[in-house]
Structures are given as C-alpha cells and as structure tokens.
Amino acid sequence: PTVPRHTNRLINEKSPYLLQHAHNPVDWYPWGQEAFDKAKKENKLIFLSVGYSTCHWCHVMEEESFKNKDIGEIMNKNFVCIKVDREERPDVDKVYMTFVQATSGGGGWPMSVWLTPDLKPFVGGTYFPPEDGIHRVGFRTVLLRIAEQWKENKEALLESSQKILEALQRSSEIRVRGQESPPPSKEVMDTCFQQLSNSYDEEYGGFSESPKSPHQVMNLNFLFTYWALHQTTPEGARALQMALHTLKMMAHGGIHDHISQGFHRYSTDQHWHVPHFEKMLYDQGQLAATYSRAFQISGDKFFADVTRDILLYVSRDLSDQAGGFYSAEDADSYPTTASEQKREGAFCVWAAEEIRALLPDPVEGATEGTTLGDVFMHHYGVKEAGNVSPMKDPHQELKGKNVLIVRCSPELTAARFGLEPEKVDVLLQEGRRRLSTARAQRPRPHLDTKMLAAWNGLMISGFAQAGAALAEQEYVSRAAQAAAFLRKHLFDPATGRLLRSCYRGKDNTVEQSAVPIQGFLEDYVFVIQALFDLYEASLEQGWLEWALQLQHMQDKLFWDPKGFAYFSSEAGDPSLLLRLKDDQDGAEPTPNSVTVTNLLRAACYSGRTEWVEKAGQILAAFSERLRKIPIALPEMARATAVFHHTLKQVVVCGDPQGEDTKEMLRCVHSVFSPNKVLMLADGDSAGFLHRQLPFLASLERKDGKATAYVCSNFSCSLPVTSPQELRGMLCP
C-alpha cells in the first residue's frame, strides 16, 4: 500500500467513520475543546461535517470534495473543520439537524453546517456537489462566499446566529402547559389508526408510495396492539391485516437479502424492490422482535422463518467474539478484487448470465429443458437485461443487474414448470446456497465495528423476544451474552452510568476511547427495555435489578422536572446549545415513547408508583402532538393504551426447573398480550423480586403444582394450574 500523502488528527480516533477521513487533505479536528479554542483564538468560522460510515452520499462528498487538494486548501485557510460521527454523538447531530431542517425544510447526511466561533449555526445544508451546476451551487463557491461574508459582515452574521438560536430554543421546547393530563387513550389510538389506514398502500403494504423503510416497524407494533384491544371489530381485523401483509411484502421484496439474510435500510420504490443496500443493526433488532410478534399472533411459520433469518445474519456477520454487536455494513463495495471504484449494491446484485452459469443443472420431472437457473430466475424475477428500472438507478450502478425479489408463490412457480411445491422449495434452497458460495468470493462491503449501547439494546430485545416467542433457548443465551458484554464494556460500575460506544481494536480486542463518551437518553432507554425483555425470556433476576438501577440513573441525568419528560442529553455540556426532546419516531422510536412502557414495567417489578406518575407526565407533555398527529409518534400512541389499560402482572409460582413451571411459562410466551409483564415467584424470600414485592409471599402453589396468578394493581385473580386456563385469562 502507498504511504498516504496527508494525515490529520482523525488518525487518533476510534470511530470507523472518522478514520475514513484521516488521510484527507482537510485539516479535520474531532468535536472537542482543541477545535473550539482554535476557532476562538484565530477568530475563524467552523465548518462542521456530520455523517456516518455506511452513508452513500457521505462517501460521494468525500471523494468529490474532501479528497480534492484545492478545496482542502480553501477549507483549511478559512475555517476550522470538524468531523462528527452522528452515531457516536447523536446529541451534536440533533442540535444542528434541528437547525438545518428549520432553515432549509429538509435534512439528511452528510450534513454541512457553518458555525460562528461560539458554535452557533448560521448556514447549513446536506450534500453539495464540488462545482456549480445548472440547479445547484457548488461546495467551492459556498465556501468562498461564506468566508467573504465573515470578512465583510461579521457583526450581522453574529447577530443573526443569535436570533436563529433563540428561535430554535422556542420552537423546539416540549413541556406541559398548565394542568395538562395524559390524553384520552381511545381518542389517540383511533386517530392514529385512521391516519395509518389512510396512508396504507393496499397492494404492496407499508405507509407511503416511496421510499419505504423498515422503520415502519413502529407503525406495525402499534397495529398489533390496536388489534389486541379491538379483536372483534372490523377495525381490529383491518389493523392486523395491514401489519401482516406489510411484513410479508417486505420479506418477499429486494429490501430483504434472500442470499445473505437480514434486511437492507430502505426501499427506493413502492414495491420494496430496489433498496439502499446498507444494513443497520437497529433495523435487524426491531424487525426480529416484530416478526416474532407476527408469529405469536398468527401462528404462521413464515414469520418465524424470517425471524430466524435475521438472527442468523446478525450472529454471523454483525457479532463480535466478545459478545457485542457491530453497527452496520456498507452499501458500497468493489464489484471484483480488480476494481478501482466501489459501486452501490455490488456485493448483492446479479447478472442473469452469472445465475445461469451457477445453476445449469437440468431439473428432473419438469417441463422439457428446464434448468435450475430457469426455476430460480422465474421465482426471483430475474431478467436478461436486469430488473432495475433506470429511474431507480440515477448513477447507472445497477445497469444490467438484478435485485432478487420473490415474484411468485412456490405453488405458482411449481405450476409454471410442472413440479410439486415441495420440490420447488428444495430447488430454490439449493440455488440460494450456490449463490451464497459465489457471493463469498466477492470483496465484502466495509463493516462498521463500532458497538453502541442503544443499538445493542435493540438487538438484545430482538434475540430475547424471538427466543421467548419461538421457544429457542439459544437466542435467549445470545441475548444474555450481549447483555453481559454491555455490563463489562459499556457500563462504569464506579459511577453507575452507561457509556455510549466501544470499538473493535487491533487483534480483535475491545477498545475504549481515551475519554469515553457518556451514554445518552436513548442508550438508557433501549438497554433498560432490553433487560426487561431478557428477564422475561430468561427469568434471571440479576437483569431486573440492573434495569431498575439504570432507571434511577436515567431519572437523575435526563428528567425535566419543570416541563416533564426526558431530555435526550444531560445538562452541563457547554458545547451543546440546546437540550432537546425528540418529538417523532425515526429509524428508532423516540426514547420518551419507549420509556413510558419501561416506567410502567419498572413500577410493576418494584412497586414504586412514582414511576407510573412519571409515565403519565410524559404523555401529558406530548399531549397536543398525540391528539393531532399521533402518526408521528406511533410508539407513544401505543404506550397510551398500555398506560390506560394498566399492566397485568402474570405471576407464575413454581420451581424454575420443574416441567410444570416450564409449561406455564411457554404458555405465557406463546400469547401476544401488549399489556402483560411476566414474573416468576420461585419461593426464594431473600431473592430480589421478593424483597421488592412483599405481596408475592402471599401467593402459593396450589396442590404443590406450578400455579399462575394474573394481578393488576397488586390484587390478584384466583389461582390457575393449567396452561389452558391461563391462556384463557391472557387472551381477552
């Protein structure tokens, strides 16, 4: 390898994204005091560039502008240049994204923002082409114009940046006004259902024309809860149909990797066909949980198979040997080992002749002359000239290539070639196996080996919920291994606080930054949720104890005692101009939404009613939004129902190793009930749960058998000892 011509300060960072820019001719600084001091001392503007390592347009802007020596010189001469990995510092990203969205009406990454030396934004955008075009001003021109303005109109710029900041502070405030109480659950649920129903795509599923993203899992989880509360009504039936149809169409689509498993980030078209090819950990975690719920509700093995497929991908490709989960795989890769330029989707797409060459075998019993390739290509919509519309491929990176998409049921494919459906399943499996072997010869896309507490939390929930719903102990063990990893590498026992990130170092060891990044609200919320899910799947009380400790710490660091709800970052960082509260679900649900359910679960396991009160105060703070546009917060809309209907404590009294106890637990795990919490009373009066909940001591085993009670607000039903009776009590 050639010796790099340039090296900047990013070479000392751990983030894969920052390291990608360590050899740019730009004198990049990481976000921190050294850069801020330089800007103040030299009275220079700051150019802030925010992205992440698997972001396609971030790569494009780097290739075109940040690797360009002339542009690098303009940047170094006029600005202090700072690079931020948005996955490491979501707090910095949110502050400036709020500004970019408010001033330009859009947002995205790479985000490009110019700041005064005291960090106030005054101009911002996203991707800029390097030179002026017919429709867009080039990056070089923007840099020179802004540098000129700073020389000529410094005072005006400073004044306007101050006004912008004040306006942002006013507009981004979420608080309780006066004596607001939580909004009525029925109204919120019905409005959210109507809004989803109106935007639903009847033919292909999902909730927009395009792009379509798996981020819609929040919508699907809402619909499952809506169905559970309205099972006998036409609206309830429609809610379930919308959710299950969407999950089926996604699994058949090109957004699902039929060869290497897992799901891509989102589909650029209405049909879930041509995706942006990066694969993100947070999508896999949320989808695994949602597909396992679909299996619980429908009993359809199809959904269980998709769940297993996601977890196979994560176990194989996103798992660190120490037990943590990596963040993402990139969309871009080299088509062959000899290629000089990366292309989007190169690792995943196929030319028809490649498939024919890999699958030439004649198929016994099929119509004359049929090969394995014919069956495979028919089933997966492969065309000789490629199956990607030029409209969806502006850079012609996918010309002549095919993105596999299930176009027929096995029955239809079987009928087309005169075969039995079972035979078709075997043939398709063999085809996928051979393509997988061929793909393994291609250069792999870049892997972002950063490990984040929040995203690991989402993935632990995926493994734990799937383990419980599918009765797969190995998934529960994998979740426990990852939780132990978090406790070892992303938790500081001395302070009781979570850390945001750690990294795969040389020799595959786990490394930490010189100054670790402290956990944000989302880290606490998703890890606490994961620990509750893991307790319910494993019934190991240690996870419960840690979850409640973290909930106390979350209250201390992030709660807003004046306006209610939690801030997304803690107080006391002078470089953060705003403390924000997210007000819409994005790629992940907003932390305040998930924390409502966390608080209600925490209260059930601890008997602390102030947590129920806090949950109500969060709903009150978001009341206006929940009444008007609950579709922006489907996870919080769902939580209003959980709050309103009160959680059922399902207590199983029995010996954890006893077969009768295990049978009762399997029954609880097999039922989808959005407002239940499970606990095992094992009779150990010195154990954590018995110390928290004295009422457990009064519940006894009937005739020495494993016995279940369903309790609400600490008053309990009559005891039942048969799984059938228990199922009847759990299903409304």
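In strand β20, A708 is the bridge partner of V652. This contact belongs to the pairing of strand β18 (residues 648–653) with β20, in which five bridges join the two strands in the antiparallel sense. The model under description is predicted. Strand β20 (residues 707–712) has five of its six residues buried, and is therefore largely enclosed by the rest of the structure. β20 also pairs with strand β21 (residues 715–716), again antiparallel, over two bridges. Within this pairing, S712 stands opposite S715 in β21. The hairpin formed by β20 and β21 has two residues between the strands, and N713 adopts a positive phi near 50 degrees there.

A further set of strands forms an open sheet of three members in the order β8-β9-β12, with antiparallel pairing. β8 and strand β9 (residues 328–329) are joined by two bridges and run antiparallel. K279 has E329 in β9 as its bridge partner.

Among the helices, α21 (residues 591–606) was examined for length and burial. Its 16 residues should span 22 Å at 1.5 Å a residue, and the end C-alpha atoms lie 21 Å apart, which agrees with that expectation. Because 16 of the 16 residues of α21 are buried, the helix is largely enclosed by the rest of the structure. The helix is followed by G607, which has a positive phi near 75 degrees.

Aromatic contacts were considered next. A pair of aromatic rings is described by the distance of the centres and the angle of the planes. The structure holds 30 aromatic pairs. One of them, formed by F224 and F672, is edge-to-face, with 6.1 Å centre to centre and 65 degrees between the planes. F224 lies in helix α9 (residues 217–229), whereas F672 lies in the loop between α25 (659–670) and β19 (676–681); the pair therefore ties together parts that are 448 residues apart in sequence. Burial is assigned under 20% relative accessible area. F224, with a relative accessible area of 0%, is therefore buried, and F672 counts as buried at 14% relative accessibility.

The pair of Y291 and F303 is tilted, at 6.3 Å centre to centre and 35 degrees between the planes. Elsewhere, ring pairs link W28, F47, F66, W114, F128 and F139 into a cluster.

Charged side chains also lie over aromatic rings. The charged end of R439 sits over the ring of F347, 5.3 Å from the ring centre. K581 lies over the face of F567, at 4.8 Å from the centre of the ring.

With regard to overall organisation, the domain assignment of the protein gives domain 1 (10–172), domain 2 (207–288 + 332–448) and domain 3 (646–731). The C-alpha centres of domain 2 and domain 3 are separated by 42 Å.

Definitions and conventions: Residues are numbered from 1 along each chain as its sequence is written. This is a predicted model: local features need pLDDT of at least 70, side-chain atom pairs count only at pLDDT 80 or more; totals for chains, interfaces and linings use all residues. Side-chain values use heavy atoms; hydrogens and water are left out. Rings of Phe, Tyr and Trp (its six-membered ring) pair if their centres lie within 6.5 Å; planes under 30 degrees apart count as stacked, over 60 as edge-to-face and the rest as tilted. Helices (H or I, at least four residues) and strands (E, at least two) are DSSP runs, numbered from the N terminus. Buried means under 20% relative accessible area, exposed over 50%, partly exposed in between (1.4 Å probe, protein chains only). A charge sits over a ring if NZ of Lys or CZ of Arg is within 6 Å of the ring centre and within 35 degrees of the ring normal. Domain bounds come from an automatic or database domain assignment. Two strands pair if DSSP finds at least two bridges between them. The expected span of a helix is 1.5 Å times one less than its number of residues.
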